[in-house]
Amino acid sequence: MPDADTVTTDPPDSAVATVRRRPALSPSRASDFKQCPLLYRFRAVDRLPEVPTKAQLRGTLVHSVLERLFALPAAERVPAQARELLGPAWTDLSADRPEWTELFDGEKPDEHADWLRSAEKLLDSYFELEDPRRLEPEACELHVEIELGSGVLLRGYIDRVDVAPTGEIRVVDYKTGAAPREIGEAKAMFQMKFYAVVLWRLRGIVPRQLKLMYLTDGQSLAYTPDEAELLRFERTLEAIWQAILKAGKTGDFRANKSKLCNWCDHQAHCPEYGGTPPAYPGWPEPAAGDETPLDRAD
């Protein structure tokens, strides 16, 4: 997948075993199905493993640092403090996912230091876009979930939610890649509209602004949705879910070959590349829509 610069952690296997949740639709899974139904199957049904890249780990690290930064008193949210948070954040992340450190096996210490410095540059770019000392987000890394009237369950994580004294809501998403071209921008805005629908249905308020912050090149993209637009988008999500359920009954998740295939980890299993998918295991329970370690992509 292009510009995939973040990864997220799944709950421990024991938690999955004891907490059974209905299949849900996340922005990542909805985007997968739109791009390629077979990719959706590989990720959500077969759960085929994917190896993260260093760029993805760096994105995850930067997201973790920004979350920790906003947990500090406002006066302490300065660039030097953000850099100080990098080491502890990576220690915690790699302790939870020790296999991530394997990507750095055989490297010289200087190479790992260069990787950390590249994360510092992204943080420096963030501070050029806004001053966190002047902000008090309502929530960071907010888990949201809502069942629509049609029965579709939407689920996801929002990087940041800001609420003004007047009650206006802003949804903020950090992207550690560069500002995308048309296809990437459409995918990013799909994700933001998904969150806007969820918050609208949860709170009864249409978010005033959807803001994407691209840290590689220091650009921002802001968009103001309206209720009619979100209603249309809600219907789109319902249609995607119905198509997923239809495919799930038969296992007929068809490949959709495109330029995006160049970034797919699963060509060895794809008929478009001479591969054979695993035997269809049937529609999964409990959570086919949950996000995986290569989700919330940039």
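Two strands count as paired if DSSP finds at least two bridges between them, and the strands themselves, like the helices, are DSSP runs numbered from the N terminus, with helices being H or I over at least four residues and strands being E over at least two. What we have on the screen is a predicted model, in which local features need pLDDT of at least 70 and side-chain atom pairs count only at pLDDT 80 or more, whereas totals for chains, interfaces and linings use all residues. Residues are numbered from 1 along each chain as its sequence is written, and side-chain values use heavy atoms, with hydrogens and water left out.

Let me start with the sheet, which is open and has 5 strands in the order β1-β2-β3-β4-β5, with mixed pairing. Its edge strands are β1 (139-147) and β5, each of which pairs on one side only. On average, and with direction ignored, neighbouring strands here are turned by 35° against each other, where axes are lines fitted to C-alpha atoms, for helices over the stretch in contact, and angles run from 0 to 180 degrees between N-to-C directions.

Within this sheet I would look at β4, residues 209-214, where 5 of the 6 residues are buried, that is, under 20% relative accessible area with a 1.4 Å probe and protein chains only. Strand β3 (residues 169-175) runs parallel to β4, and 6 bridges join the two; across them, Asp173 stands opposite Leu212 in β4, and Tyr174 stands opposite Met213. With β5 (residues 219-223), by contrast, β4 pairs in the antiparallel sense over 5 bridges, and Tyr214 has Gln219 in β5 as its bridge partner. These two strands form a hairpin with 4 residues between them, and Gly218 in the turn has a positive phi of about 65°.

Turning to the helices, α4 (residues 54-70) and α6 (residues 109-129) pack at an angle of about 50°, with their axes 10 Å apart. That angle makes α4 oblique to α6, since angles under 35 degrees count as roughly parallel, over 145 as roughly antiparallel, 65 to 115 as roughly perpendicular and the rest as oblique.

Which residues of α4 and α6 meet? Contact here means heavy atoms within 4.5 Å, and the residues involved include Leu57, Leu61 and Val65 in α4, and Trp115, Leu122 and Phe127 in α6. By class, the contact of α4 with α6 has 14 nonpolar, 1 polar and 2 charged residues, with Ala, Val, Leu, Ile, Met, Phe, Trp, Tyr, Cys and Pro counted as nonpolar, Asp, Glu, Lys and Arg as charged, and the others, Gly among them, as polar.

Note on methods:
Buried means under 20% relative accessible area, exposed over 50%, partly exposed in between (1.4 Å probe, protein chains only).
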